[in-house]
Amino acid sequence: MSRCWSDGELRAWLDRELGEPDGADFELHLAKCADCAARRQVLEDRSKRIGVLMSSLTEAVPAARVTAIPARRPSWRWTGVPAAIAAGVTLAFLLTPRAQHPVVPTPRAPTAPEVPAVKPAIAPPPVARARPRVVPPAKARPQTNGDYYLALDDDPIDTGVVMRVALDGNVQADVIFDSQGRPRAIRPVKESAQGERR
Amino acid sequence: MQPAEEIAWPDSGYAAGREFEAAFREHYPRMVAVLTRLTGDGAEAEEIASDVLCKLARRPRIADLDHIAAWLYRVAINAGLDAVRANTRRRRREDRVGREEGSAAEAGALDSLLREERCARVRSVLASLKPRDAELLLLRADGMAYRDLAAVVEVQPSSVGSLLARAEAEFERRYRARYGDRV
C-alpha cells in the first residue's frame, strides 16, 4: 500500500478496530513510511496517557460500584426461572385464603358445688359468681398482600429501579433491578376492583 | 427501599413498555458504569440513569425513537457533565473554606487526596469538552466498540477513529493548559 493513513485510521488500528486486510496493509506501510510511524507513536502515547487518566476515575470509585461490562449481552434466560418461581410462590401466598382467628369460647365460670340441703349453723360465705368475660371479635388483619417485595437473593439492596414487567399470561409484577440490571426483588401487581393495577 | 418515581404506562403503551424494558436491560448497566466514572459517585450515577430512563418513558411514543441508545447516552452524559460542573463549583467553595479554616490533611490520607485531586482534574476537563467528545472518551474508556460508538454518536463507523483522535488531542491540550505539562 502506498498512501499514508489518516489519524483516524491510525487510531482505529491502535484499537484493533480495522479489518484484518487493512491491518496487514498498514503494517507493511508502516515499515516504510517514517511519517506514519511517527504519527502512530504520537497517537499511541497520547492514547495511553489518557487511558491512564480515565482509568483513574474507576480506581477512585468503590470497587463494589464498578463491574466489568461483559462484551456479550448477558443471557436473561436464567433470570426468568427464579423470577417465575418467586412470582409463583408469592401468588400462591397471596391467593391462599387466610384462616380467620377463631373466637375462643369463654370457659364457663366454675359454679359453686352443690351444698347439701342441711342448713349449717353458720351460713357459708356467698360464692362469688365469675362474670363471663366478653371476648371482642378478632379484628381482621390489614391486607398486606402485594405491599411488600419478595427478595430474589440474600444480598442487601441499596438502590435500584422499579419496573413493571409482564410475566406469563396476564400477570404483571413490579421488579427491582439493581445498577447492573439484575432483578433483585419482585412484587406481584394486583388488579383492584376498579380494574386498575396496583 | 422506596421507589423514587413510578411510571404509569397508558393502556396503549404496552408495546412501548416492552421497548422500554429492552432499552433498560441493554443500556442501564453501562449507563450507570459510565456515569459512575464521570461523577465518581455510584448513587448519583444511578439517580441520573434512572432520571434519564424516566424521561425516556415519558416520551409519547418510544417506538418512534430510532436511536434509543444515542438518545440515552447523550442525555445521560450531558446530565452527568452538568453534575460534574456543579460538583466542581461546590468543591471550589469547600476547598476555599477548608483553607480558611487551616485544615491540614493527615499524612496517611495524602495518597487518597492526590488521587481525588487527579480525578477532579480529569472530570473538570471532561466537563469543559464538547459533550460529544466527552461522550466518546467515556464510552471508549468503558470498552465500547467502534461500531456501537458510531451508533451512539450517530456517525459512520469509519469516522469514529478520527473523532476519537480529535477528542483525545483536545482533552490533552486542555489538560495541559490548566494543569501544566504533566498529563
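First, the ground rules. This is a predicted model, in which local features need pLDDT of at least 70 and side-chain atom pairs count only at pLDDT 80 or more, while totals for chains, interfaces and linings use all residues. Residues are numbered from 1 along each chain as its sequence is written, and chains are lettered from A and ligands numbered from 1 in the order in which they are written.

Chain A. Its secondary structure comes to four helices and four strands, and from the N terminus the order is α-α-α-α-β-β-β-β. A residue is called buried if 20 or more other C-beta atoms lie within 10 Å of its own, exposed if 12 or fewer, and partly exposed in between, with C-beta atoms placed from the backbone. On that count 16% of the 198 residues of chain A are buried. Two residues are in contact if their C-beta atoms, again placed from the backbone, lie within 7 Å. Of the chain A contacts between residues at least 6 apart in sequence, 58% join residues at least 24 apart.

Chain B. Of its 183 residues, 34% count as buried. Among its contacts with a separation of 6 or more, 70% come from residues 24 or more positions apart.

One helix of chain B, α2, covers residues 42-58. Its 17 residues reach 24 Å from first C-alpha to last, close to the 24 Å expected at 1.5 Å a residue; the expected span is 1.5 Å times one less than the number of residues. Buried residues of α2(B) include Gly42(B), Ile48(B), Val52(B) and Leu56(B), and Glu46(B) is also one of them.

Next, a helix pair in chain B. Helix α4 (residues 110-128) and helix α7 (residues 160-179) pack at about 125°, with axes 10 Å apart. Axes are lines fitted to C-alpha atoms, for helices over the stretch in contact, and angles run from 0 to 180 degrees between N-to-C directions. α4(B) and α7(B) are therefore oblique to each other: under 35 degrees counts as roughly parallel, over 145 as roughly antiparallel, 65 to 115 as roughly perpendicular, and the rest as oblique. On the α4(B) side, the contact is made by Arg121(B), Val125(B) and Ser128(B); α7(B) brings Phe171(B), Arg174(B), Tyr175(B), Arg178(B) and Tyr179(B).

Now the two chains together. 38 residues of chain A are in contact with 41 residues of chain B. On the chain A side, α1 (7-14), α3 (34-59) and β2 (161-166) each supply at least two residues, and α3(A) gives the largest share, eleven residues.

Back to α1(A). Its buried residues are Leu10(A), Arg11(A), Ala12(A) and Trp13(A), and just after the helix Arg16(A) takes a positive phi of about 55°. Is Gly8(A) buried, exposed or partly exposed? Gly8(A) is partly exposed, because 18 other C-beta atoms lie within 10 Å. Leaving aside neighbours within four places in sequence, Gly8(A) is in contact with Ser159(B), Gly161(B), Ser162(B) and Ala165(B). Gly8(A) and Leu43(A), 35 residues apart in sequence, are 9.7 Å apart in space, C-alpha to C-alpha.
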